[in-house]
There are 2 protein chains.
Amino acid sequence: MKNVSIDTLTDAVLGYCGKDTDPRLMQLLDGLLNHMHAFAKETKLTHAEWLTAVEFLGRIGDISTPTRNEYVLLSDVTGLSSLVDMIGSQHAGTSSSVLGPFHILGAPDLPVGGDLKQDNDGATVIVKGRVRTPDGTPIKGAVIESWQTADSGLYSNVDETQDDYNLRCSIKVGDDGAYSFSSIRPAPYMVPDDGPVGDLLHATGRDAWRPSHFHFIVVAQGYKSLVTEVFPSDDPYLDKDAVFGVREDLIMNYVERTSLDDVPDGLAIDRNVTMPFYTVDFDFVLVPDEA
Amino acid sequence: MKNVSIDTLTDAVLGYCGKDTDPRLMQLLDGLLNHMHAFAKETKLTHAEWLTAVEFLGRIGDISTPTRNEYVLLSDVTGLSSLVDMIGSQHAGTSSSVLGPFHILGAPDLPVGGDLKQDNDGATVIVKGRVRTPDGTPIKGAVIESWQTADSGLYSNVDETQDDYNLRCSIKVGDDGAYSFSSIRPAPYMVPDDGPVGDLLHATGRDAWRPSHFHFIVVAQGYKSLVTEVFPSDDPYLDKDAVFGVREDLIMNYVERTSLDDVPDGLAIDRNVTMPFYTVDFDFVLVPDEA
């Protein structure tokens with residue numbers, strides 16, 4: 001455009017798009033370009049700052065691998081991932097929270113009441129609850145996938161000393177919607193801060209710590225799939241999660257126990273239970289899939 | 001934050017930043033996060049769409065190399081690069097325009113009046129003009145760097161058939177601020193559209209063509225450096241440049257000539273001049289560097 005100006009450029013870019021463009025793509029581009037251009041105009045973004053941003057993105061690309069997604073980490077620490085989760089969680093069910101970069105496919109099956117702790121160090125925790133609808137009806141046949149850190153704060157897929165699927169499982173609930181398993185308390189950990197996103201955290205004086213949590217994906221036919229994580233009420237990092245994943249309804253109480261009599265019914269805990277151990281009661285509430 | 005919500009998240013993220021954060025970085029983050037979060041909220045961005053965006057950025061990282069910067073290309077086709085250029089060009093000097101991805105360091109010196117055409121195919125063009133201030137004072141000692149496509153539409157650094165520095169030069173102007181050189185008319189070309197940015201262009205029915213142009217960087221001590229490009233008034237793509245680089249003051253007339261008598265004085269054009277040939281008169285206007 002010969003006569004393009006600061007004020008007409010955004011409409012010029014959008015105007016170049018053809019009439020056959022998918023309406024939702026057009027809506028997203030309209031919003032994104034208007035906001036990006038407004039940002040540049042309001043801050044009077046300089047060419048040097050633009051170049052710094054381009055180099056920053058280049059470093060994000062360079063450090064990313066199949067097991068380290070620095071783009072997702074950038075989205076996480078800037079709150080965008082949590083915002084998208086919250087936008088998609090405006091219903092009566094359990095809140096979504098960040099998937100994070102440590103999920104891998106193929107978690108092995110574990111029966112209800114099974115033990116995930118095995119030879120892992122760490123305090124024993126027994127997690128139980130139900131998968132149900134908002135009005136309390138059990139959801140038969142729901143499948144719960146869980147993954148967590150070892151006591152070292154590391155996930156199995158980034159730690160050579162752990163088996164590939166250590167502390168990962170997939171549990172199919174019974175007709176009563178109930179699930180339970182024994183494991184260890186997950187440990188708090190820092191998000192990777194040795195790359196460009198870490199540089200951003202350091203430049204802004206921010207913490208890289210995340211409170212300890214179990215990750216869960218819960219799926220059931222006819223219901224909206226739930227990707228979430230669940231945090232203990234006593235974690236020191238609960239109010240300064242680097243990726244803003246904590247929600248009020250995702251906080252659970254770890255109840256300290258000192259007697260095997262307190263092991264929930266139906267759990268064959270004739271195993272390596274350390275004392276004290278902890279019990280957690282947490283229901284996953286799914287909402288019907290409208291789609 | 002236990003009680004973080006869609007409405008409080010943006011302030012929560014900004015509130016995590018320490019008080020010692022550089023004020024300009026804080027200002028940029030404030031603007032960027034507010035706009036990015038507003039975009040997600042206004043469009044009700046879904047997790048699936050967010051994932052598509054993450055994968056798109058991942059593909060941009062994967063395809064980028066030292067000689068192909070797909071991040072810059074994305075910034076270019078979305079108008080952001082041109083917007084930043086225009087924000088920085090609000091003065092009485094020649095407008096800036098996109099640097100583009102084809103600049104390489106180390107262009108060889110060419111004397112004023114020298115020939116860049118050499119054995120290249122294409123119509124001869126003689127470019128001349130002055131480097132001056134807005135009030136017409138010549139700027140002694142200014143250095144003009146120029147690069148352009150061959151007749152094939154390709155730059156030397158992405159075409160194995162060309163010498164490394166073909167059609168690239170660095171000219172130091174005389175005391176009168178005057179410069180001139182002979183070359184070929186650059187050719188229109190398409191920006192690379194075989195990667196993710198090309199997919200975006202195709203999905204929105206957009207053209208990948210750029211009008212033909214000379215790239216210039218003009219530097220002189222005490223003046224703001226100028227990065228720009230100059231377009232012929234007769235180019236068919238002048239009004240649909242894929243990267244929005246055209247400005248009214250960057251359009252020049254190619255005057256068609258059929259006699260060597262029309263070669264400007266002082267230019268030793270006893271060389272490979274094709275007929276008809278073209279002359280261009282274009283001044284670069286620099287403004288004092290306030291910094």
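Colleague: How many bridges join strand 9 of chain A to strand 10 of chain A, and do they run parallel or antiparallel?

Modeller: In general, strands of a sheet pair through backbone hydrogen bonds, either parallel or antiparallel. Here, in a predicted model, two bridges join strand 9 (residues 226-232) of chain A to strand 10 of chain A, and the two run parallel. Strands are DSSP runs of E with at least two residues, helices are runs of H or I with at least four, and both are numbered from the N terminus. Two strands pair if DSSP finds at least two bridges between them. You'll also see A:Pro232 opposite A:Met252 in strand 10 of chain A.

Colleague: Before we go on, how do I read the labels and the confidence limits?

Modeller: Residues count from 1 along each chain as its sequence is written, while chains are lettered from A and ligands numbered from 1 in the order in which they are written. As the model is predicted, local features need pLDDT of at least 70 and side-chain atom pairs count only at pLDDT 80 or more, whereas totals for chains, interfaces and linings use all residues.

Colleague: Okay, what is the strand order in the open sheet of five strands?

Modeller: The order is 4-3-8-9-10 in chain A, with mixed pairing. Strand 4 (168-172) and strand 10 (251-252) of chain A sit at the edges with a single partner strand each, so one side of each has no neighbour in the sheet.

Colleague: And how are the two chains related?

Modeller: Two copies of a chain are related by a rotation about an axis and a shift along it. For this pair, a rotation of 180° with 0.0 Å of shift along its axis puts chain B on chain A, RMSD 0.1 Å (least squares on C-alpha atoms of residues with pLDDT of at least 70 in both copies). That's the relation of a two-fold axis.

Colleague: Which residue of chain B comes closest to the rotation axis?

Modeller: B:Gly61, whose C-alpha is at 2.2 Å.

Colleague: Which residues touch the most other members of the largest nonpolar core?

Modeller: Among its 89 residues, A:Val77, A:Val131, A:Ile144, A:Val218 and B:Val77 do. Such a core is a set of buried Ala, Val, Leu, Ile, Met, Phe, Trp, Tyr and Cys residues joined through C-beta atoms within 7 Å; buried means 20 or more other C-beta atoms within 10 Å of a residue's own, with C-beta atoms placed from the backbone. A second, separate core has 32 residues, including B:Phe214 and B:Val230.

Colleague: What share of chain A is buried?

Modeller: Of its 291 residues, 39%.

Technical notes:
A residue is buried if 20 or more other C-beta atoms lie within 10 Å of its own, exposed if 12 or fewer, and partly exposed in between; C-beta atoms are placed from the backbone.
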